[in-house]
Amino acid sequence: MRPAPSQDAPSAPCHVAIIMDGNGRWAKARGLPRVAGHRSGADAVRRAIIACRELGVRYLTLYAFSSENWKRPQDEVDDLMGLLRHYLRRELAELHKNNIRVRVIGDRSRLAPDIQGLIGQAEQTTAGNDALTLVIAVNYGSHAEIVAAARRIAREVKEGRLDPAAIDERLFSAHLQTVGIPDPDLLIRTSGELRLSNFLLWQAAYSELVFIDTLWPDFDKKHLLEAISEYQRRERRYGASSG
Ligand code: IPE
Ligand code: IPE
Ligand code: MG
């Protein structure tokens, strides 16, 4: 028997990914140093996590630092790393209490050893949590991720552990750092920039993209709800004909 049409409100996207952009412009508009924008951005991170958990989003991926952000002045890189360190130290207990699982993607080998330690500790402590998976992208870039996957696959072939004929999309995905994480349903970028900046290029193949003008430090639950409503109005086709 066919199930009765659901009367429920449309469900939240399973995976929301956010390019948190505009901290510098937020600070500049207030005559403040850029670090003030990044600090205020950390408050927006807290709000986004709480809102996603409340709305039943299962995965939230936040682009915190790209593999290209090392090009910024050393002072700013130091400030961003300092904030990440501070965030991991200060928020771990709260995240764990809220049953949130933490995962970090990106090349962590270039991060300070103590930050690598804090990341490992956050991932281990929260590994059994299941209310929301918070994926933090740090020193992350899609090109580097895809190249690293290709290199690992090539090595497996060379060592005779993998038949080239077995390389398909599924196997390739499983060599990316996002293994086990469903692809983003909704990808939001704040601050009015209309590009992906090397974020989840493989994984976002069929994500619904929502660009909003709000600068990241001003982002709150209202903006998330608006982006989700926009997502719910879209028809996802995955290449099929329109219905
Ligand atoms: C996003 O804000 C934070 C990071 C990229 C780390 P920006 O620092 O890029 O802010 P704008 O784009 O200069 O305003
Ligand atoms: C993308 O923002 C990276 C993060 C939000 C961490 P950027 O501000 O670095 O991107 P571009 O330089 O404008 O493309
Ligand atoms: Mg920016």
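Visitor: What is meant here by a pocket, and which pocket does ligand 2 take up in this model?
Guide: A pocket is an open set of grid points, found over the protein atoms alone, with protein on both sides within 12 Å along at least five of seven lines. The model is a predicted one, and in it the space taken by ligand 2 is the largest pocket.

Visitor: Which residues that line the largest pocket are the closest to its centre?
Guide: The largest pocket has a volume of about 760 Å³. Of the 32 residues that line this pocket, the closest to its centre are Met-20, Asn-23, Tyr-63, Ala-64 and Phe-65.

Visitor: Which strand gives the largest share of the shell around ligand 2?
Guide: The residues that surround ligand 2 include Tyr-63, Ala-64, Phe-65 and Ser-66, and by class the shell has 5 nonpolar, 3 polar and 4 charged residues. Its largest share, 4 residues, comes from the strand that spans residues 59–66, namely β2.

Visitor: How much of the accessible area of ligand 2 does the protein cover?
Guide: An oxygen atom of ligand 2 is 3.2 Å from an N or O atom in the side chain of Asp-21, and for the side chain of Asn-69 the corresponding distance from a ligand oxygen atom to an N or O atom is 2.9 Å. A polar side-chain atom of Ser-197 lies 2.6 Å from an oxygen atom of ligand 2. On its own, ligand 2 has 390 Å² of accessible area, and the part of this that the protein covers is 78%.

Methods
Residues are numbered from 1 along each chain as its sequence is written. Chains are lettered from A and ligands numbered from 1 in the order in which they are written. This is a predicted model: local features need pLDDT of at least 70, side-chain atom pairs count only at pLDDT 80 or more; totals for chains, interfaces and linings use all residues. Side-chain values use heavy atoms; hydrogens and water are left out. A residue is near a molecule or strand if one of its heavy atoms lies within 4 Å of it. A polar contact is a pair of N or O atoms within 3.5 Å; within protein, one must be able to donate a hydrogen and the other to accept it, and residues adjacent in sequence count only if both atoms are side-chain atoms. Accessible areas come from the Shrake-Rupley method with a 1.4 Å probe; for residues, only the protein chains shown count as cover. On a 1 Å grid over the protein atoms alone, a cavity is a set of points where a 1.4 Å probe fits but cannot get out, and a pocket is an open set with protein on both sides within 12 Å along at least five of seven lines; lining residues have an atom within 4 Å of a point. A molecule sits in a cavity or pocket if more than half of its atoms lie within 2 Å of its grid points. Helices (H or I, at least four residues) and strands (E, at least two) are DSSP runs, numbered from the N terminus. Ala, Val, Leu, Ile, Met, Phe, Trp, Tyr, Cys and Pro count as nonpolar, Asp, Glu, Lys and Arg as charged, and the others, Gly among them, as polar. Grid points are joined across faces, edges and corners, and a volume is the space filled by probe spheres set on the points.
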